[in-house]
Amino acid sequence: MRLHKVYQCASLFHLPKQPFLLSSSPHFLSLKPPLRHPFQFIKPCSTTSPAAFPTKPMRSRNIVAVGAAENDGGSNGATHFSAGTADREDSSLENGYCLPPPEIRDIVDAPPLPTLSFSPHRDKILFLKRRSLPPLADLARPEEKLAGVRIDGKCNSRSRMSYYTGIGVHQLMNDGTLGPEKEIHNLPNGAKINFITWSSDGTHLAFSVRTDEEDGSSSMLRVWVADIETGKARPLFQATDIFLNAVFENFVWVNNSTLLVCTIPLSRGDPPKKTLVPSGPKIQSNEQKEIIQSRTYQDLLKDEYDEDLFDYYATSQLVLVSLDGSAKPVGLPAIYTSLDPSPDENYIIVRSMHRPYSFNIPCGRFPQKVDIWTADGNFLREICDLPLAEDIPITHNSVRKGKRSINWRADKPSTLVWVETQDGGDAKIEVSPRDIVYAEPAEPLENEQPVVLHKLDFRYGGISWCDDSLALVYESWYKTRRIRTWIISPQSESVSPRILFDRSSEDVYSDPGSPMLRRTPTGTYVIAKIRKEGDEGTYLLLNGSGATPQGNVPFLDLFDINTGNKERIWESDKEKYYETVVALMSDQDEREMYLHQLKVLTSKESKTENTQYYLFSWPEKKACQVTNFPHPYPQLSSLKKEMIRYERSDGVQLTATLYLPPGYDPARDGPLPCLMWSYPGEFKSKDAAGQVRGSPNEFAGIGSTSPLLWLARRFAILSGPTIPIIGEGNEEANDRYVEQLVASAEAAVKEVIRRGVAHPNKIAVGGHSYGAFMTANLLAHAPNLFSCGIARSGAYNRTLTPFGFQSEDRTLWEAVNTYVEMSPFISANKIKKPILLIHGEEDNNPGTLTMQSDRFYNALKGHGALCRLVILPFESHGYAARESVMHVLWETDRWLQKHCVDNSSDPIAPEENATTGITDTENKAVGVAGGVAEHQIPDYEIDNVQITRRSSLW
C-alpha cells in the first residue's frame, strides 16, 4: 500500500508566494512550503530613503503546494510590542529588532495561500491552511543537536516543524469546478497539523496533532484520523498516553483500515542526565591508519551522553492500530527510520539503525539494518545489516558499500529490488560494471538466487517501472555529466537492454522529458502506457521542460517506445503564458488509457498573473480552470520582467532576468539603483553554460527575503545572472574560478548600464550561501563593478572546509593553491567596498559555520574595511522567525540606501585593482565551483532524489 503524505517542516529557504507543485516524476522532488504563524508587532525603525537515510520511493505525487513559501511566512496581526526596538537610523550600537519600510513589510505579510493535495482517485482536493511566519519564541524552544539531527524533546519530533492550521475538502467536479468546502472538524482548539496522509482508497486521512501548552511549548504529537465523507476527526488511539515519535519515520497505512505507527515506548523514563564530572577525557583514535575523509558536518555526536540522548529520543515502539482503535505493539523498541509496505499489503520493509555510532559523521551513515516483516508485524528475514560508513570517499558518485536503494517493485505484488556497487563505493576506481541491479521475491524459495536485472557502468539513478515488458533504468556520471536511460524487459532474458537516451545532463536543449506515471490500484506509480484507436503501438507520455534559446516551452510528447517517433500533443503558450503539465488525472482505474480519453492537470501563469490550475482534456483539448487564487502582492502586479542575453569576454553566452519596478519609464526616470543577486554554477562545456534556462513568462514569485522585494523601493533587480565556472576536458573549473567569476559579473554590469536601466555608481551585489561567497570574492577582485555587497550565510575561508565543498572533490592538500587563492578571507585586505554580513547563529549547513562570518568580519575590520556583521539568534542557514526576517530586510534596505542609493563616489578604475586583470600572474585567482548548492541534503535524505529549484532568489 502506498501513502499520500504531505510533510510540513521548515526548509532552508524562503520560497516565493506563487503556487508550486510536487512533480509527478519519481526523480525530482519539489520543496513543500512551510507555514506561517502570527507574530508580535515590532515598531519600525526609521530609514534613510525617500523612496540519512535512503528514502523510500516518492509517494506524495498527488500534492500541489500553492502560495507563499517563506520558510514560515509573514504575519497578519499585531499582538504586542517587542522589547528592544526604537526609532533610529543606525542601530549598530543597540540591541533590538527593526522593521523594514511598509512597502516591503506589506509584501512579506501578505496572507499565505493554501497547499493543495489531490485524493488518490483525483475526485477530491484538500485545501491545507497554513500559518504565518513564526515568532522568534518558537525557534528559541530548547532543541537537541544529535548526529546531524535537531530534535524538539518536548514534542519528540524534528525541531522547528511548521504545520497546518486546518483542512478543507472540496469535491472536484467533472467540469473542473470545485464543490463547496467541507471542513475537517472536531479538532482541538489551536491544533497544529502535520504528516497528512491519505488512505489508498481515499476514504480517510491520517495526521498528527499537537497543541500549545500553558508554558508556550508544544504538546507531544498524537495520531488522528478523519472520515472524508463526514469530515469528522478523532484520535486514532483510544488510550491517551500513546504519543507519536516523529524523529524519523512516523506512521504508514498498511491497508485501508490499519496503520503502523512509531510511538514513544510506554516504558521510557526521563531523559538521561549528564554527569557534572566526566569519567575521563574524550578520545578519538585512528591507530588502524584508516583513510576517513568527510565534509564539514555539524551537530554531530560529541560523547557518550549524546549517544544515550540520541537513543532516548530516536527509539520507537511500533504499534499496529486499526481504525476502530484496537492496537497491538509489534517488534522490539528500536530506532526505526523507514517503514515501507509492499504493494500487495502482505509485507513491510523495516529499516532501523543501531550502534556503534560515530562522532565524525551524521546518522545517515550509522549502521543500518533492513528487514522484511509480515503485515501483521512478525519478523520474516533480514535483507542486510550495513556497517558504519565513515569511509565513503568524498569524490562525486561515491556511495556506501553493500545493498542500497532497497525498494519494492512498483508493478509487482511483493518483489524486492536493490543495487550493489562493484567498485567498493569508490568512484575513483575504474571497473565494469560499476553497479548491478538485483531483484528477488519477498520470500524466495530455498537456494533461489537473486535475479540480475541490469548492469551499469555509471552510477545507478533509479528505475521507472511499467510492467514485465518495460522498465526504464537511469544511470549518470558526474565527472563527464553523462546521463543514460536504458530500456529493459524485466521478465524477458531474451530481450537485450538497449539505450533509449544518452546525453549530457548539462544539455537542457536535448532533454526529451520524463515519462508520466499513473497510479495503480495498490497505490504505487508506474509508467503510463497510452493507446491510440486503431493502432497497436506502445506509447509513453514524455513530459518535458522544453528548453530553447528563447526560454522554456514545456511540452507533452506521445512517444513510440519501439520506433522512437514522437508526436507533440500539447505545448505551452509561447507568447504570454508559461504552462506545465502537472499530473495525469485519468488514471483512476486499471483500464487501458486511450489518447482520446486523456485528462491532465496543468498549471498556467504569466509575468504578472499568479499560477492557476486547469483540467485539460482530449479530444476537445479544452482547459477548465480549477483554481482562482488572487495576486499575492497586487502592488507589484505591473512590474516589468525581461529575460536578457549578453556575452562574456571569452564568448560564453550569458542570461539573466531583469526586473523593473511598476511604472518605470527610462526616459523619465533614468538609470535606477540596481541589485544583482546570483549564485555561481559549474559546467563542463561552454555550449551548455550558454544555454537558456527558465521562461520569460514565469510569474515573479517573491519570497520573504527575496531581492525582488526591492522593486517596491524602485530598484532594478538583475536576478540570477548566469555565472558559469567552466572546466572543459580534464581542466578543473575551480582553478579559474575568480577569473570567470569576474568576467561574468563584468558582462552583467556592462549590459544593465548599456540598457540605461542601472546607474554605474549604484550597483550592489548580493547572494546567499555560495552566493555570499561569490559576493565577497567580487568585492575583493572586482571593486570597480559594485558600490556595496550583501552576503548572507556564507563560507569565506575554504581551508576550514578541507575535504571538499560544492562541486570540489579534491582535498585542501591536493589543491592548496585553489583553496587558498579562492578564499575571500585570504583577500580581506583587498575589500574596500562596504559589505554587510548576515548569518544565523545556529547555522547547521555543512561548511557554512557561523564562525565563517565571525572570522571574516574580524579580518575585514583588521584591515579597516567598511563592514557590518549581523548574527541572528536561533536562526539556521535560512531565516524563519518574523523578527529575524524583518530585521534582515531592514538591515539590507538600510545598507542599500546608504551605500548604493546615496553613493556618490566614482567607481574604482580597473587598473587600480591588481586582481581585475586576469593576466596578472601574481594575483591571478583560481577559484571555486558552483554547480551544487552550498546547502547540502543530509545523508539520511539522499537516495535517488534530486532537489530542483525554480529560482536562485529563494
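A: Strands in this account are DSSP runs of E with at least two residues, and they are numbered from the N terminus. The structure is a predicted model. The residue to begin with is Asp-152, which belongs to strand 10, residues 149-152.

Asp-152 is buried, yet it has no salt bridge. The nearest side chain of opposite charge is that of Arg-141, 5.2 Å away. A salt bridge needs a side-chain nitrogen of Lys or Arg within 4 Å of a carboxyl oxygen of Asp or Glu. With neighbours within four places in sequence left aside, Asp-152 is in contact with Pro-142, Ser-157, Arg-158 and Ser-159.

Helix 3 spans residues 304-314, and because eight of its 11 residues are buried, it is largely enclosed by the rest of the structure. At the N-terminal end, helix 3 is capped by Asp-303, which has a side-chain oxygen 3.2 Å from the backbone nitrogen of Tyr-305.

Asp-152 lacks a salt bridge, but the whole structure holds 61 of them. One joins the side chains of Glu-506 and Arg-481, with 3.1 Å from N to O. This pair links distant parts of the chain, 25 residues apart. Glu-506 sits in the loop between strand 32 (498-504) and strand 33 (514-515), and Arg-481 in the loop between strand 30 (470-477) and strand 31 (482-488). Both Glu-506 and Arg-481 are buried.

Another salt bridge runs between Glu-536 and Arg-531, where the closest N and O atoms are 3.3 Å apart. The two partners sit in unlike surroundings. Glu-536 has a relative accessible area of 69%, so it counts as exposed. Arg-531 has 18%, so it counts as buried.

In a further pair, the side chains of Asp-669 and Arg-714 meet at 3.9 Å, N to O. Asp-669 lies in helix 4 (residues 666-669) and Arg-714 in the loop between helix 5 (686-689) and strand 49 (716-719), so this bridge ties together parts that are 45 residues apart in sequence. Asp-669 is partly exposed at 29% relative accessible area, and Arg-714 is partly exposed at 28%. Salt bridges can also join into a network, as they do for Arg-404, Asp-423, Glu-430, Arg-434, Asp-435 and Arg-459.

The side chain of Lys-532 makes a polar contact with the side chain of Glu-567 at 3.2 Å. With residues up to four places away in sequence not counted, Lys-532 touches Glu-567, Tyr-539, Leu-558, Tyr-594 and Leu-595. The C-alpha atoms of Lys-532 and Met-593 are 8.8 Å apart, although 61 residues separate the two along the chain.

The cysteines come next. The count of disulfides is zero. Cys-384 counts as buried, at 8% relative accessibility. Cys-900 is also buried, at 0% relative accessible area. The cysteine sulfur nearest to that of Cys-900 belongs to Cys-788 and is 5.2 Å away, while a disulfide requires two cysteine sulfur atoms within 2.5 Å.

Finally, there are the nonpolar cores. In soluble globular proteins, nonpolar side chains tend to be buried together. The largest nonpolar core in this model has 62 residues. The members that touch the most other members are Met-676, Leu-718, Leu-778, Phe-786, Ile-835, Phe-856 and Leu-860. Helix 6 (residues 737-754) gives the most to this core, with nine residues. Ile-835 touches Phe-856 and Leu-860, and beyond these Ala-776, Leu-779, Gly-789, Ala-791, Leu-866, Cys-867, Arg-868 and Trp-895, again not counting residues up to four places away in sequence. A second, separate core has 37 residues, including Leu-99, Phe-715, Leu-872 and Val-901.

Conventions: Residues are numbered from 1 along each chain as its sequence is written. This is a predicted model: local features need pLDDT of at least 70, side-chain atom pairs count only at pLDDT 80 or more; totals for chains, interfaces and linings use all residues. Side-chain values use heavy atoms; hydrogens and water are left out. Helices (H or I, at least four residues) and strands (E, at least two) are DSSP runs, numbered from the N terminus. Buried means under 20% relative accessible area, exposed over 50%, partly exposed in between (1.4 Å probe, protein chains only). Lys and Arg count as positive and Asp and Glu as negative; His and the chain ends are not counted. Contact means heavy atoms within 4.5 Å. A nonpolar core is a set of buried Ala, Val, Leu, Ile, Met, Phe, Trp, Tyr and Cys residues joined through side-chain atoms within 4.5 Å. A polar contact is a pair of N or O atoms within 3.5 Å; within protein, one must be able to donate a hydrogen and the other to accept it, and residues adjacent in sequence count only if both atoms are side-chain atoms.
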